[in-house]
Amino acid sequence: MQNENSRNTIIFFVLAALIMGVYYFLVMRPQAEMRRQQQVAAAEEKAAKAGTAGVTPESAAPTAFVASRAQALGAAARVPIQTPTLKGSLSLQGARIDDLFLTRYRETLDKNSPPVELFRPQGMEHAYFAQFGWSGPNVPGGVPGPNTVWTLTKGATLTPTTPVELTWDNGAGLRFTRAIAIDDQYVFTVKDTVANLSGQPITIAPYGRVERQGVPTDLGKQMILHEGAIGTFGADGDYSTKQVKYKDWAKKPRIENESTGGWLGITDKYWMAALIPDQKEKIEGRFAVRDPDGANVHEAAMLGATRTIQPGRQIEETQRLFAGAKRAEVLKAYEQSLDLPRFVYAIDWGMFWFLTRPIFTVVEFFYGVLGNFGLAILALTVVVKLIMFPLANKSYESLSKMRTLQPKMEEIKKKHGSDPQKQQQEMMALYQREKINPLAGCLPIVVQIPVFYALYKVLFVTIEMRHAPFFGWIRDLSARDPSTVWNLFGAIPWDPATLPLLGNILNGPLHLGVLPIIYGLTMWLQQSMNPPAQDPMQRQIFAFLPFIFTFIMAPFAAGLLIYWAWNNILSIAQQYIIMHRFKAENPIDSFFARFKKA
């Protein structure tokens, strides 16, 4: 009995740990975030007073914002950008790439929803853009910087087949020519040519910068997700990826890294802007936070090696910018074609990356075969069950034997009720005679926890799952089940969220859709097929867990509930067959037996 109680206790603590984790994720973390905001504000104020200097020329953040995008775009002449995946424009002031939309992705599921905005022009709140230039503080006539107005000398619209060319002359013998090209996905190629027509040598260094003026309120709030600074640095094939979340970035306003090649930028959940130097060039990378006039500027910048241009000579420098969606196949293709180290790790695969990436690969494979990510998740579940089949089989055999031995266990309990030590010895002897491992029942649960987390990560961070439909009412596998019991799953044309006072509760903690209910019922049935706990208190706790987990799991992604409910159904079928083999009583047969008697 002691071993069985140990088994039940282990299961209880595993489930309790899951409950506490979800409680922390949904309740405690938002409260802690409020406290962090105060710390962030204090750190930003301290950084502003310190007046941190940069390695590259800094743009001046505006003191007032305009609400109209058209007004911000009209502040300088522009060159349109049009590709199969992007549309927008670049400003001739500073040659900033600062107006960009991702045409293959929309903000919401609504067919009339606007495309996702990536870059936003200077002058608007939360401006976000990329810029390239040169650093040369002692150069006569200066070098092109954030406020330089370039001249369009070739081309009219930037497309994959029509690059554009910009020029600027500093009036003191330096002529800068910039050719900007773009491919059919998300990479801009910026090729600068600098000609020294003066009579003296000139020393300059190239730089690139991705700048975000203020962090939108919906970013950096997820514990399970990285949003903020990201980059891969190293040399001679030894590279590592560094991530700094917004909240930590503010506490360390200046983070520097030296590298040969690599890449760095700013990442959101699904989108990223990353600077890509020549992979043979030594760079100084920097993540910095500045706060001019309260703009709270976050900057990822790189400074290349200095080079001297002799009179009558010229040099060339090529830099690239990735500005787009973090789609795994696209990142992998750039990783190979541009020889970029660890570029696919721009996707936050998490600490279980060795599970997350294979699971994603399997899901993508089945999607290619079945054409639906929901069906792909069902197929993945079958694969996981097949891998764990031997372990689960032994577990269910032990549980079935224990269920058939319940009468003998009760006899031992009654016979030695006043002698716990003797009772334990008899139980152990019974287990040995019947070749039962009382702890085997919890092993499948423990083993599946990393798989569960890895799939949750895949659904949460991969853009392939964003707005991916299943069937019927499930139009987005990465979002929660939109149906709710409070309007009879859509039978009543009423939105519970509109109810005064209680709307936020019914649409929040008490939101309960079809999938969570199916999950809860399968969890209850599977638990009913296991031997009941010997301890009355444990028995009551376990009986209540399916109800609790139904509400805990309700806010999770629909794809995750599809996986877990389908996994429960397969487990129930496997356990049912084994229980029949051992002639153990089970709730399914007991249920149908009632109808036969009637």
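Colleague: Before we dig in, what are the ground rules here?
Modeller: It's a predicted model, so to speak: local features need pLDDT of at least 70, side-chain atom pairs count only at pLDDT 80 or more, and totals for chains, interfaces and linings use all residues. Residues are numbered from 1 along each chain as its sequence is written, and side-chain values use heavy atoms, with hydrogens and water left out.

Colleague: OK, salt bridges. How many does a search of the whole structure find?
Modeller: The search finds 20, where a salt bridge is a side-chain nitrogen of Lys or Arg within 4 Å of a carboxyl oxygen of Asp or Glu.

Colleague: What does Arg69 pair with?
Modeller: Glu117, at 2.4 Å from N to O. That pair links distant parts of the chain, with Arg69 in helix 2 (residues 69-73) and Glu117 in strand 4, 48 residues apart. Helices (H or I, at least four residues) and strands (E, at least two) are DSSP runs, numbered from the N terminus.

Colleague: Is Arg69 buried or exposed?
Modeller: Buried, at 17% relative accessible area. Buried means under 20%, exposed over 50% and partly exposed in between, with a 1.4 Å probe and protein chains only. Glu117 is at 23%, so it counts as partly exposed.

Colleague: What about Arg209, where is its partner Glu299?
Modeller: Glu299 sits in strand 17 (residues 297-304), and Arg209 in strand 10, 90 residues apart. Their closest N and O atoms are 3.4 Å apart, and both residues are buried. They also belong to a salt-bridge network with Glu211, Arg286 and Arg290.

Colleague: Switching topic: what's the volume of the second largest pocket?
Modeller: About 970 Å³. Among its 33 lining residues, Asp218, Leu219, Glu227, Lys269 and Tyr270 are the closest to the centre. A pocket here is an open set of points on a 1 Å grid over the protein atoms alone, where a 1.4 Å probe fits, with protein on both sides within 12 Å along at least five of seven lines; lining residues have an atom within 4 Å of a point.

Colleague: Which elements give two or more residues to that lining?
Modeller: Helix 1 (2-50), strand 4 (115-119) and helix 10.

Colleague: Last one: where is Trp494?
Modeller: In the loop between helix 10 (443-461) and helix 11 (503-506). Trp494 is partly exposed, at 33% relative accessible area.

Key. Grid points are joined across faces, edges and corners, and a volume is the space filled by probe spheres set on the points.
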